[in-house]
Amino acid sequence: MFFYRLPLFCFATLIATLWLGAEPTPATHEATHEERAAPDEPGITFNSVHVAGPYIAMTFDDGPSATLTPKLLDLLAAHHIKATFFVIGENVAEHPEIVARAAREGHEIGNHSWSHPNFGKMSDENVRRQLWRTDDAIKNATGKRPTLLRPPYGSITAREKRWIHHEFGYQIILWDVDPNDWKRPGPAVVRNRILQETRPGSIVLSHDIHPGTIEAMPSTLDALEAKGFKFVTVSELIRAATARPARSPAEAPGNVRAAVTPSPSPTSAPSGDQAQ
Ligand SMILES: [Zn+2]
């Protein structure tokens, strides 16, 4: 029995290792202990998606902003691009009409908490309250409940992922492209970082509350279009996912690795000056 189980165990370990991000992880992105300790269940958490076509998802966090989000919506409409907005409940309550417009124009709205706290350091009850209040605010503004969550700072424990998914049905959306636009490095830097890092299946993080990000978007979108990328919402990207080929390690371990979309964990050890 032991010998039958051993290869299976090894294979499972290999897959778990790959899933956890055995690919090179950017130095700035250090996974938390929780991330390493418990593998994510496939289908709940996404950094990027394995797709057959040139599909990517642009995501904008922390809004809506009274001045910048409408500008961005105008630009996206001119490009016929659908994006995903991870909104903060407090801001939704203040500007529900902007969120309503975004939803009406085909963009996806995701939950990004009520007031942007660090879920990794909170009680379940407080996390639950943050999520429900925002879920209700989005429902009030758009008529629809969100199905996606992006935890502030990307900070969430493996245990939280499981109960939140169970209770809210949310998929947890992180990212694989991070231009660090919240540090306001200037529009050219934001654009260049996005262009360098984006590949098919990427989930691109940025923020519609920083003027430089909005300034960067016209040329960023032009350049991404010129490279042949097609823009979809996060839920559409997930629906476009192709199955990761199942192979036994004895067959071709190298191929298994090649077939897996690199998925660097963006979950940084949360610190005070982060703004995701
Ligand atoms: Zn944020």
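Is D62 buried or exposed? I began there, keeping in mind that this is a predicted model. D62 has 23 C-beta neighbours inside 10 Å, so I put D62 down as buried; the cut-off is 20 or more. I located D62 in the loop between strand 2 and helix 3. I also checked its backbone: phi of D62 is near 80 degrees, a positive value although the residue is not glycine.

I stayed in that loop. P64 is found there too, between strand 2 and helix 3. I looked at omega for the peptide bond from G63 to P64 and found a value near 5 degrees, which makes the bond cis.

Next I turned to strand 2. I noted that strand 2 covers residues 55-61 and that six of its seven residues are buried. Which strands does strand 2 pair with? I found strand 7 (residues 203-207), running parallel to strand 2 and joined to it by five bridges. Strand 3 is also parallel to strand 2, with three bridges. Strand 8 (residues 230-231) pairs with strand 2 over two bridges, again in the parallel sense.

I picked out one residue pair for each partner. F60 has S206 of strand 7 as its bridge partner. D61 is opposite F86 in strand 3. Y55 is bridged to K230 in strand 8. I then followed the chain from strand 2 through helix 3 (residues 68-79) to strand 3, and recorded a right-handed β-α-β unit.

I looked up the largest nonpolar core, which has 54 residues. The members that touch the most others are A57, V87, V99, I173, I203 and V204. I took A57 as a case to follow. Leaving aside neighbours within four places in sequence, I listed T84, I203, V204, V232, T233, V234 and L237 as its contacts.

I moved to helix 6, residues 124-142. Helix 6 has 19 residues and spans 27 Å from first C-alpha to last, close to the 27 Å expected at 1.5 Å a residue. Which residues of helix 6 are buried? I wrote down V127, Q130, L131, T134, A137, I138, A141 and T142. They cover an arc of only 130 degrees around the axis, so they lie on the same side of helix 6.

I then asked what the buried residues of helix 6 pack against. My list has strand 3 (84-87), helix 4 (89-94), helix 5 (96-104), strand 4 (108-111) and helix 7 (158-168). After helix 6 comes G143, where I read a positive phi near 85 degrees.

Two loop residues remained. H116 is in the loop between strand 4 and helix 6. Its phi is near 60 degrees, a positive value in a residue other than glycine. I counted H116 as partly exposed because 18 other C-beta atoms lie within 10 Å.

A241 sits in the loop between helix 10 (234-239) and helix 11 (253-259). With 16 other C-beta atoms within 10 Å, A241 is therefore partly exposed. I checked A241 against S48: the two are 193 residues apart along the chain, and their C-alpha atoms are separated by 9.8 Å. Setting aside neighbours within four places in sequence, I found A241 in contact with V49, H50 and V51.

How values were computed. Residues numbered from 1 in each chain as written. Predicted model: local features only at pLDDT ≥ 70, side-chain atom pairs only at ≥ 80, totals over all residues. Helix = DSSP H or I, 4+ residues; strand = E, 2+ residues; numbered from the N terminus. Expected span 1.5 Å × (residues − 1). Buried ≥ 20, exposed ≤ 12 C-beta atoms within 10 Å, placed from the backbone. Arc of directions from axis to C-beta. Contact = placed C-beta atoms within 7 Å. Pairing = 2+ DSSP bridges. Right-handed = clockwise from strand over helix to strand, strands pointing away. Core = buried A, V, L, I, M, F, W, Y, C linked by C-beta atoms within 7 Å.
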